[in-house]
Structures are given as structure tokens and as C-alpha cells.
Amino acid sequence: MNQLRVRLLLWVLVPMTVVLALMAGLSLANARSTALLIQDRRLLASAEMMAGQVSWQEDRLSAEIPPAALQMFASRERDRVYFQIRAHPGELLAGWPDLPDRVAPDNGVPLYSDIQYRGNNLRMVTLIRRVYRDGRTITVSVSVAESRNAFYHLIDTLWRPILLQESVLLALALALMIVGLTLELRPLLLLRRDLQAREADDLMPLETVQLQRELQPIVETINQYATRLTAQVNIQKRFVADAAHQLRTPVALMSTQLDYAAHLAVDSELKEALRAVRACARRLKDLINQLLSLSHAEAARGTNLPRQNVNLLEVTQQILVDLSVLADDKGIDLGLSSTSTDVSVMSYPTLVHALLFNLVDNAVRYTPRGGNVTVHAGLAGTSAILQVDDTGPGIPDALKPHVFERFSRGNVSDNNGFGLGLAIVSEAARACGGVVELSSRPDGVGLSAVVRLPTGET
Ligand SMILES: Nc1ncnc2c1ncn2[C@@H]1O[C@H](COP(=O)(O)OP(=O)(O)O)[C@@H](O)[C@H]1O
Ligand SMILES: [Mg+2]
């Protein structure tokens, strides 16, 4: 009931129905008076015909009933007709003696009345005629009454088409209203669909071009609100980036001092303590770098910075070299296979690097000793595909959507990560216009992370 469309429809249909009902009532009254007029004319004509036939026979008045005076009532409705001709005072010349008496005015104007006779509702006309003879005037009263079958039938015939026309009119108006409202509300529905389809953090302004003028201020207000919200979100994002940036220098200084102190320390307990603090400082540095990387990927989305040519094979090789120490430590076989000699995309080099680095880093970290990590690179249509396969434990399906969340660490409990790696991967992929998918390897061993990036060549 609270639907705008239903309410608007009701506001039009209810008054329209009331008006049409009034019109139907008026046309019923019109049909009734027309039918009555026709019946009264017929009764009068018949009564006058009978009155015309009252004459003197020798010295008595006599009334003959002309057949035409009764034939005019012949109809399919088979109405009953009664008449009475009286000479005043009180002498019955013809007809039904007990037909109710009505006194018509003396001036010859006919009197019409509704009467009950022999269980029937009748319409009756009574008129007075004067008959002269030898200076004598005798008043003759003629009454003709008819039942109302033809009368009701006529009302029905006159009124039914009007009722039908009005119903058709109402149905047509309803149909047109529904079509009109659907068309008029379309921009609003499109707006709703646009809003529903948006990502939760998409605060781009809504289109106002197609909207009716009344709706434009609402959308403009929403847009202004989104702009304020964007400004607020940007302040927060910048705060994280700025804070990480500010932390970098003291942490770097601290690391240098700790390295220096480690050389100076002679006491083995102190050396041990310094080693632990150095590990913490390294972890802190990693966290700061991850936070910066995430802020950078986040800030890149939605901006139209110029893209550069990125050779994915070169980037991968560099990452494999950087991670080879870790891989060698664990006896992991780290490799690259490519179906093409040149796999390049037009994109953002730092983001592509961060994306791929975090995927290979995870693969090496979570694969047990002696496993394999292979990066496959190739082209498919307008996309470049990077697939990082490992022989580690994989990620259970139920956890897959959550591992992309910030600070979410799946089911590992080591102290080596922060749960930001895959968040960076997903932000970087979005900023580059690509997608990431995690799937289990067909043989059931390990994880397969697939990234599709648009090559950017048209
Ligand atoms: N190759 C992989 N094999 C198994 N589990 C993985 C792999 N990559 C990621 N994960 C799981 O996803 C979680 C989130 O990864 P990530 O965001 O990189 O955070 P971090 O590595 O710092 O824990 C990890 O904690 C781990 O449980
Ligand atoms: Mg990680």
C-alpha cells in the first residue's frame, strides 16, 4: 500500500470512480424519465382514443372501445392493461369497476398517478371529457392503467450501454495510468538499480540527466552527501598513509641503531635480546610497507592516471629472484612458465608488482618444505593471465571470501604475516581493472590463484 505507484493510482482512480458513479446515477435518472414520458404518452393516446368514442346512443351514453386503443400496448413484455370509463356521477360505461378512482382536474389536463391494483404496480392516466346534448353537459372520466414491464425494459435498454461504456472507460483509464506510471517511474527504478548494483565503497555521483525535474534535487542532495562522505573517507585514507609514512623514518633509524648495537654487544644475553628487538623492528617495517602498499592501491582506484607498459614476465622474474632466498631455505622449487614470449599490459607497474609479489610470497610461505611454486603467464583475448600454483595446504572454500579482508589471516597462527597481503592483491587488481580468483588445484593439492588483467590494447 505504501508503493508510490499504487498510491498515485488510487488518487486518480478513486475520484474518477466517484465521478463515473455519479454520471451513472444521472444517466439512470435520465433513462427513467425518458421511459416514463414514453409510457405516459402511450397511456394518454389510448385514453384520448377511448374518450373520443363516448357518444349518445338514443338517450344513453355509451362507450365503445376502439381496438387500436388497446393494440398500442402490445409488446414483448406483455404488460397488463386496465381501463375504466365513467359518466358522472358514478355510472360505469365500460371497463373494470374496481379500478381506483382518481379525480382529474376539470380543465382537461390529464392526471398521472402510480397505483396498486390486483397485486400490480401500475401507471395510470385519468382525463375528463365533457359530452354535450340538448344543452346538457355530462362529465366523462376515462382512466387507462398499464403495468410496468415495458417501462423497466426500456430503462434497461437505455441505461445498460451507458454503464458498459463507463466501465470500459474506467478500465481504459486504469490501463493507461499503469502504463504511464510505469514509464514515468522508470528513471527512479533505474536509479535504484544503479545504486543497488554499486560496490559498497563506490561514491561516484549519480546521473541526473534522465530524471524528472522534481527528482533532480533529491539526487543532487544524495550526490552532495556522497561528495562530503568521499572527502571524509579520503581524510581517513590519507591519515593511514601519512601515519605509515611518518613511522618509516624512525623505524629505519631504529633498525640501523639496533644493527650497530648488535656488533657492540659482548654479553650473549644482551645479544639475544637485541636480536629479538631487531626482529620486531623488521616486522614493524614490513607492516608499514604493507600499509603503504594498500593505501597506494586504494588511492589509485578511480583516478585516471596514465598507464604504462608493464612486461609481466620481467616483473615475475624479478619477484622470483627476490623470493629465491626464502624459497631456497625451504627447498621449494620456484619456477616460471609462459605460453608467450611477450606478456605485457598497459597498467600501473607498482600495483602489478605488489599484486604478484604478495601472491608468490604467500605461495612460498604457506607451501611446506620441498614443495613447488610455479607462475604461469599467458594471454587470452584481451586479458593477460597470471596463475600462481603451489603445493601447499590450499584455502578451504568457506574461508576464501574472508581471506581478502584486511587483517584476516585464514587458519594460520604463525607470526609472519598481518593479513594484509590478499587485501593489497584485491585492491591492486581492482585499480588495474582486473580480477583475482582463488581456486583449489584440480589434483586437490595446493592453491591456484588466477589474476586476469586487461592488456589495455584496443
Ligand atoms: N598460497 C596459500 N596457501 C594457503 N593459504 C593461503 C595462501 N595464500 C593465502 N593464504 C591464507 O590466506 C590468509 C591471508 O593471506 P594474506 O592476506 O596474504 O595475509 P598473511 O599472509 O599476512 O597472513 C593467510 O593468512 C592464509 O591463511
Ligand atoms: Mg601474505
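Student: What makes up the shell around ligand 1, by class?
Tutor: In this predicted model, the shell has nine nonpolar, eight polar and two charged residues. Gly counts as polar here.

Student: Which residues of the shell are closest to ligand 1?
Tutor: The closest are Tyr366, Asp390, Arg409, Gly419 and Leu422, out of 19 residues that surround ligand 1. A residue belongs if one of its heavy atoms lies within 4 Å.

Student: Which helices supply at least two residues of that shell each?
Tutor: α7 (349-366) and α8 (421-431) do. The largest share, three residues, comes from α7.

Student: Why is the pair between ligand 1 and the backbone of Leu422 called a polar contact?
Tutor: The cut-off is 3.5 Å between N or O atoms. An oxygen atom of ligand 1 is 2.7 Å from a polar backbone atom of Leu422, so the pair qualifies.

Student: What makes Gly419 and Phe418 count too?
Tutor: An oxygen atom of ligand 1 is 2.8 Å from a polar backbone atom of Gly419. For Phe418, the distance from a ligand oxygen to a polar backbone atom is 3.0 Å. Both values lie within 3.5 Å, so both are polar contacts.

Student: How much of ligand 1 does the protein cover?
Tutor: The protein covers 95% of the 530 Å² of accessible area that ligand 1 has on its own.

Key:
Residues numbered from 1 in each chain as written. Chains lettered and ligands numbered in written order. Predicted model: local features only at pLDDT ≥ 70, side-chain atom pairs only at ≥ 80, totals over all residues. Heavy atoms only, no water. Polar contact = N/O pair within 3.5 Å; in protein donor to acceptor, adjacent residues only side chain to side chain. Areas by Shrake-Rupley, 256 points an atom, 1.4 Å probe, with all protein chains shown as cover. Helix = DSSP H or I, 4+ residues; strand = E, 2+ residues; numbered from the N terminus.
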